[in-house]
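Colleague: I am new to this structure and would like to learn how to read it. Could you walk me through a few features, one at a time?

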Amino acid sequence: MNPLKRFSPATFVIVLAVYLFYTGSVSEYDIVTGSIVALIVSFLVGHWLVKNESKFFSPRRWFYAIVYGLRYFIIEETKTHIDVAKRIFTLRANPGIVRIPLDVKSDYGKVLVANSITNTPGTIVVDISDDGKWLYVHWIDVSTLDEGEVKENIVAYFEDYAKKIFD
(Lines give C-alpha, C1' and ligand atoms only; values in the text may rest on other atoms or scores of the structure.)
Protein backbone atom coordinates (compact mmCIF):
# COMPACT_ATOMS: atom_id res chain seq x y z
CA MET A 1 0.00 0.00 0.00
CA ASN A 2 1.22 3.48 -0.85
CA PRO A 3 2.52 5.10 2.39
CA LEU A 4 0.74 8.38 1.62
CA LYS A 5 -2.58 6.56 1.33
CA ARG A 6 -1.97 5.14 4.81
CA PHE A 7 -1.76 8.61 6.38
CA SER A 8 -4.94 9.66 8.13
CA PRO A 9 -5.41 13.38 8.82
CA ALA A 10 -8.33 12.59 11.14
CA THR A 11 -6.18 10.25 13.24
CA PHE A 12 -3.43 12.88 13.30
CA VAL A 13 -5.85 15.50 14.69
CA ILE A 14 -7.29 13.11 17.28
CA VAL A 15 -3.91 11.88 18.53
CA LEU A 16 -2.49 15.40 18.70
CA ALA A 17 -5.54 16.66 20.63
CA VAL A 18 -5.33 13.75 23.09
CA TYR A 19 -1.57 14.26 23.50
CA LEU A 20 -1.96 17.97 24.24
CA PHE A 21 -4.88 17.31 26.59
CA TYR A 22 -2.94 14.80 28.67
CA THR A 23 0.29 16.80 28.78
CA GLY A 24 -1.72 19.69 30.20
CA SER A 25 0.11 22.39 28.26
CA VAL A 26 0.43 23.77 24.76
CA SER A 27 4.07 24.81 24.60
CA GLU A 28 6.10 24.69 21.39
CA TYR A 29 7.85 21.57 22.66
CA ASP A 30 4.52 19.82 23.31
CA ILE A 31 3.15 20.77 19.90
CA VAL A 32 6.26 19.51 18.08
CA THR A 33 6.50 16.31 20.13
CA GLY A 34 2.76 15.70 19.86
CA SER A 35 2.87 16.26 16.11
CA ILE A 36 5.67 13.72 15.72
CA VAL A 37 3.80 11.15 17.80
CA ALA A 38 0.54 11.87 15.95
CA LEU A 39 2.29 11.58 12.59
CA ILE A 40 3.77 8.19 13.48
CA VAL A 41 0.49 6.86 14.85
CA SER A 42 -1.52 8.15 11.90
CA PHE A 43 0.84 6.40 9.45
CA LEU A 44 0.88 3.13 11.40
CA VAL A 45 -2.78 2.66 12.31
CA GLY A 46 -4.75 5.62 10.94
CA HIS A 47 -6.10 3.73 7.93
CA TRP A 48 -7.66 1.18 10.31
CA LEU A 49 -9.20 3.71 12.68
CA VAL A 50 -10.84 6.11 10.24
CA LYS A 51 -12.39 4.72 7.08
CA ASN A 52 -13.96 7.91 5.75
CA GLU A 53 -12.02 11.13 6.39
CA SER A 54 -14.82 13.36 5.10
CA LYS A 55 -17.13 12.12 7.89
CA PHE A 56 -14.60 13.21 10.51
CA PHE A 57 -14.26 16.72 9.11
CA SER A 58 -18.01 17.26 8.61
CA PRO A 59 -19.20 20.35 10.56
CA ARG A 60 -22.71 18.87 10.81
CA ARG A 61 -21.38 15.79 12.62
CA TRP A 62 -19.29 17.93 14.97
CA PHE A 63 -22.35 20.07 15.72
CA TYR A 64 -24.38 16.97 16.67
CA ALA A 65 -21.47 15.63 18.73
CA ILE A 66 -21.25 18.86 20.72
CA VAL A 67 -25.03 19.04 21.22
CA TYR A 68 -25.05 15.40 22.29
CA GLY A 69 -22.20 15.90 24.76
CA LEU A 70 -23.73 18.99 26.33
CA ARG A 71 -27.21 17.53 26.58
CA TYR A 72 -25.96 14.16 27.81
CA PHE A 73 -23.68 15.44 30.56
CA ILE A 74 -25.89 18.34 31.70
CA ILE A 75 -29.45 17.03 31.32
CA GLU A 76 -29.56 13.24 30.92
CA GLU A 77 -26.93 12.46 33.54
CA THR A 78 -28.54 14.82 36.04
CA LYS A 79 -31.99 13.27 35.54
CA THR A 80 -30.72 9.72 35.99
CA HIS A 81 -28.59 10.59 39.02
CA ILE A 82 -31.67 12.08 40.69
CA ASP A 83 -33.74 9.01 39.75
CA VAL A 84 -31.17 6.59 41.19
CA ALA A 85 -30.84 8.68 44.37
CA LYS A 86 -34.63 8.53 44.84
CA ARG A 87 -34.54 4.75 44.37
CA ILE A 88 -31.80 4.43 46.98
CA PHE A 89 -33.71 6.41 49.59
CA THR A 90 -37.06 4.73 48.89
CA LEU A 91 -35.55 1.24 48.37
CA ARG A 92 -37.61 0.98 45.18
CA ALA A 93 -35.98 -1.03 42.45
CA ASN A 94 -36.99 -3.77 40.06
CA PRO A 95 -33.66 -4.83 38.52
CA GLY A 96 -33.30 -7.14 35.57
CA ILE A 97 -31.67 -7.71 32.21
CA VAL A 98 -33.52 -6.58 29.09
CA ARG A 99 -32.82 -7.13 25.42
CA ILE A 100 -32.88 -4.00 23.28
CA PRO A 101 -32.80 -3.83 19.46
CA LEU A 102 -29.97 -1.70 18.10
CA ASP A 103 -30.30 0.12 14.76
CA VAL A 104 -26.92 1.88 14.63
CA LYS A 105 -24.77 0.57 11.76
CA SER A 106 -21.22 1.74 12.53
CA ASP A 107 -19.05 0.17 15.20
CA TYR A 108 -18.23 3.62 16.61
CA GLY A 109 -21.94 4.37 16.92
CA LYS A 110 -22.53 1.09 18.74
CA VAL A 111 -19.70 1.89 21.12
CA LEU A 112 -21.14 5.37 21.76
CA VAL A 113 -24.54 3.89 22.59
CA ALA A 114 -23.11 1.13 24.80
CA ASN A 115 -20.78 3.49 26.67
CA SER A 116 -23.53 6.08 27.14
CA ILE A 117 -25.84 3.44 28.62
CA THR A 118 -23.11 2.09 30.89
CA ASN A 119 -22.09 5.57 32.04
CA THR A 120 -25.68 6.42 32.92
CA PRO A 121 -26.58 5.48 36.50
CA GLY A 122 -29.00 2.57 36.79
CA THR A 123 -28.03 0.86 33.54
CA ILE A 124 -25.08 -1.15 32.30
CA VAL A 125 -24.53 -3.00 29.03
CA VAL A 126 -23.87 -6.63 29.86
CA ASP A 127 -23.44 -7.98 26.33
CA ILE A 128 -23.94 -7.24 22.66
CA SER A 129 -25.10 -9.92 20.27
CA ASP A 130 -22.62 -11.42 17.82
CA ASP A 131 -24.41 -9.78 14.90
CA GLY A 132 -24.40 -6.39 16.70
CA LYS A 133 -28.17 -5.98 16.49
CA TRP A 134 -29.07 -6.49 20.17
CA LEU A 135 -27.86 -5.02 23.43
CA TYR A 136 -28.37 -6.82 26.72
CA VAL A 137 -28.69 -4.23 29.45
CA HIS A 138 -28.99 -4.55 33.22
CA TRP A 139 -31.63 -2.00 34.17
CA ILE A 140 -32.38 -0.84 37.70
CA ASP A 141 -36.11 -0.53 37.02
CA VAL A 142 -37.56 -3.06 34.61
CA SER A 143 -40.98 -1.48 34.37
CA THR A 144 -41.83 -3.19 31.07
CA LEU A 145 -40.57 -6.00 28.86
CA ASP A 146 -41.97 -4.54 25.65
CA GLU A 147 -38.91 -4.00 23.41
CA GLY A 148 -40.28 -0.76 21.98
CA GLU A 149 -40.90 0.78 25.39
CA VAL A 150 -37.58 -0.46 26.74
CA LYS A 151 -35.80 1.02 23.74
CA GLU A 152 -37.59 4.34 24.21
CA ASN A 153 -36.71 4.43 27.93
CA ILE A 154 -33.04 3.48 27.64
CA VAL A 155 -31.58 3.77 24.13
CA ALA A 156 -33.60 6.09 21.89
CA TYR A 157 -31.81 9.33 22.77
CA PHE A 158 -28.33 7.81 22.50
CA GLU A 159 -29.07 5.94 19.30
CA ASP A 160 -30.56 8.98 17.59
CA TYR A 161 -27.38 11.00 18.10
CA ALA A 162 -25.08 8.04 17.36
CA LYS A 163 -26.72 7.76 13.93
CA LYS A 164 -26.33 11.51 13.27
CA ILE A 165 -22.68 11.48 14.33
CA PHE A 166 -21.36 8.16 13.01
CA ASP A 167 -23.69 6.60 10.39
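Modeller: Gladly! Let us start with a term: a residue counts as buried when its relative accessible area is under 20%. Please keep in mind that this is a predicted model.

Colleague: Thanks. How should I read the side chains along a strand?

Modeller: In a regular strand the side chains alternate between the two faces of the sheet. Now look at strand S3, residues 134-139.

Colleague: Which strands pair with S3, and in which sense?

Modeller: Strand S1, residues 96-101, runs antiparallel to S3 and is joined to it by 6 bridges. Strand S2, residues 123-128, also pairs with S3 in the antiparallel sense, over 5 bridges.

Colleague: What lies between S2 and S3?

Modeller: These two strands form a hairpin with 5 residues between them. In the turn, Gly132 has a positive phi of about 75 degrees.

Colleague: Let us turn to pockets. What is the volume of the largest pocket, and which residues lie nearest its centre?

Modeller: The volume of the largest pocket is about 910 Å³. Its lining has 27 residues, and Ile14, Phe56, Tyr108, Ile165 and Phe166 lie nearest the centre. Helices that each supply at least two lining residues include H2 (9-23), H3 (28-49) and H5 (59-90). By kind, the lining divides into 16 nonpolar, 7 polar and 4 charged residues.

Colleague: And how many residues line the second largest pocket?

Modeller: There are 21 in that lining, with Glu76, Thr80, Thr120, Asn153 and Ile154 nearest the centre of the second largest pocket. The elements giving two or more residues to this lining are H5, helix H7 (147-154) and H8. H5 provides the largest share, 6 residues. This second largest pocket holds about 440 Å³ of space, and its lining divides into 10 nonpolar, 5 polar and 6 charged residues.

Note on methods: Residues numbered from 1 in each chain as written. Predicted model: local features only at pLDDT ≥ 70, side-chain atom pairs only at ≥ 80, totals over all residues. Heavy atoms only, no water. Buried < 20%, exposed > 50% of the residue type's maximum accessible area, 1.4 Å probe, protein only. Helix = DSSP H or I, 4+ residues; strand = E, 2+ residues; numbered from the N terminus. Pairing = 2+ DSSP bridges. 1 Å grid on protein atoms, 1.4 Å probe; cavity = no way out; pocket = protein on both sides within 12 Å on 5 of 7 lines; lining within 4 Å. Points joined across faces, edges and corners; volume = space filled by probe spheres on them. Nonpolar A, V, L, I, M, F, W, Y, C, P; charged D, E, K, R; others polar.
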